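User: I would like to learn how to read a few local features of a protein model. Please take them one at a time, with the general idea before the case.

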Amino acid sequence: MRLNIKLWFATLATCAIGMTSAHASDIYPSRPIRLIVPYPPGGLADTFSRSLAKNIGDKLKQPVIIENKPGANQVIGVESALRAPADGYTLFLGSMTSLATNIGVYRQLPYDPIRDFSPVSSLFSSPLILTVRADIPAYNVEDLVTIARKNPGKTTYASLGDGGSLHLASELFSQAADIKLLRVPYKGSAQAINDVMGGNITMIFDAGSTVIPQVEGKRLRALAVTGDKPIPALPGIPSMKQAGYPSVDISVWWGLVVRSGTPKPIVDTLNKAVKATLASPEFAQPFVGYGLTIESSSPEQFGNFMREESKRWPTFMAKIGIQAQQ
């Protein structure tokens, strides 16, 4: 009899927990939500996040507050997000860096992006634009390849950190064209762009938000856009696929994630708000000039994409000899 009473109480407790969890999901959100952005204020990702936060906050009837947590290749932001409960009140702006390439950069990464995060939706992506300084006699990709073959190891490209998108795009191009390029690393994109424009560096792959104003000002010349299709922001500039290099297929991407264990009804609520926001032409209009692709997805679709990218880039990084840091 005593055993049956214990069993009855245990069953009752389990049911109560389940009902509480279900009720919490039913009334979500009942208080402000925070969105951790692993970038300093003012850049493209921060600007996009602030617009996203306002719009999904309006739809959810609760404010979404931005918390900027830059540093350590986005690891500081990740760790802050993972210290929060899995209750949907802390969102994280994930990216190609935090959710994929960091796996190949750090030997002892203090988190597992696939294990520790639940996907909500993709948000936006940006192809990289192959540009050269204005005085280089390269007016298409083949011109640049010819120059590099005549000067093996002397054609330079600007890059940021090991395993960053600029580095990976340049190495994809080097392999696809069978040319030797000399990498010149920089701490920041602004100095890299200045040195390309100033004649110290031959070429750079970078995002539209950085190079399109320089192309329009004729300080840089755009030759191609990574991936398989051109972008409206650069009419007449082919994709790398159209230029004959389909394997130079890389875009920098961002998506929304929450801590693993967040109840599915909450994830679905967030996904619905994101989809409605990104489908609005008014939301997308300010970002058109940057060459972005703004597109939502289901949690399952974004999860599959995360898994593919988290395998693709660390494998490629090992292939080209990038040594993981401690």
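User: Is glycine 289 buried, partly exposed or exposed, and how is that read?

Analyst: Buried means under 20% relative accessible area and exposed means over 50%, with partly exposed in between (1.4 Å probe, protein chains only). Glycine 289 counts as partly exposed because its relative accessibility is 45%. This is a predicted model, in which local features need pLDDT of at least 70 and side-chain atom pairs count only at pLDDT 80 or more, while totals for chains, interfaces and linings use all residues. Residues are numbered from 1 along each chain as its sequence is written, and side-chain values use heavy atoms, with hydrogens and water left out.

User: Where does glycine 289 lie, and which residues is it in contact with, leaving aside its neighbours within four places in sequence?

Analyst: Helices (H or I, at least four residues) and strands (E, at least two) are DSSP runs, numbered from the N terminus. Glycine 289 is in the loop that links helix 11 (281–284) and strand 10 (293–294). Contact means heavy atoms within 4.5 Å. With neighbours within four places in sequence set aside, glycine 289 touches Ile212 and Ala233. Its C-alpha atom is 9.6 Å from that of isoleucine 231, 58 residues apart along the chain.

User: How do helix 8 and helix 9 pack, and at what angle?

Analyst: Axes are lines fitted to C-alpha atoms, for helices over the stretch in contact, and angles run from 0 to 180 degrees between N-to-C directions. Helix 8 (residues 189–197) packs against helix 9 (residues 208–216) at about 30°, and the axes are 11 Å apart. Helix 8 is therefore roughly parallel to helix 9; angles under 35 degrees count as roughly parallel, over 145 as roughly antiparallel, 65 to 115 as roughly perpendicular and the rest as oblique.

User: Which residues of helix 8 and helix 9 meet?

Analyst: Ser189, Ile193 and Met197 of helix 8 meet Thr210, Val211 and Gln214 of helix 9. By class, this contact of helix 8 with helix 9 has three nonpolar, three polar and no charged residues. Here Ala, Val, Leu, Ile, Met, Phe, Trp, Tyr, Cys and Pro count as nonpolar, Asp, Glu, Lys and Arg as charged, and the others, Gly among them, as polar.

User: How many bridges join strand 4 to strand 9?

Analyst: Two strands pair if DSSP finds at least two bridges between them. Strand 4 and strand 9 (residues 251–259) run antiparallel and are joined by nine bridges, with serine 126 partnered by valine 252 in strand 9. Strand 4 also pairs with strand 7 (residues 203–207) in the antiparallel sense, over five bridges; leucine 128 has alanine 207 as its partner there. Five bridges join strand 4 to strand 8 (residues 220–225), again antiparallel, and threonine 131 stands opposite alanine 222. With strand 10 there are two bridges, also antiparallel.

User: Why is strand 4 described as largely enclosed?

Analyst: Strand 4 (residues 117–133) has 17 of its 17 residues buried, so the rest of the structure largely encloses it. Strand 7 is mostly covered, with five of its five residues buried.

User: What backbone geometry deserves a look at proline 29 and lysine 218?

Analyst: The peptide bond from tyrosine 28 to proline 29 is cis, with omega near -5°. Lysine 218 is not a glycine, yet its phi is positive, near 60°. Lysine 218 is in the loop between helix 9 and strand 8, and counts as exposed at 69% relative accessibility.
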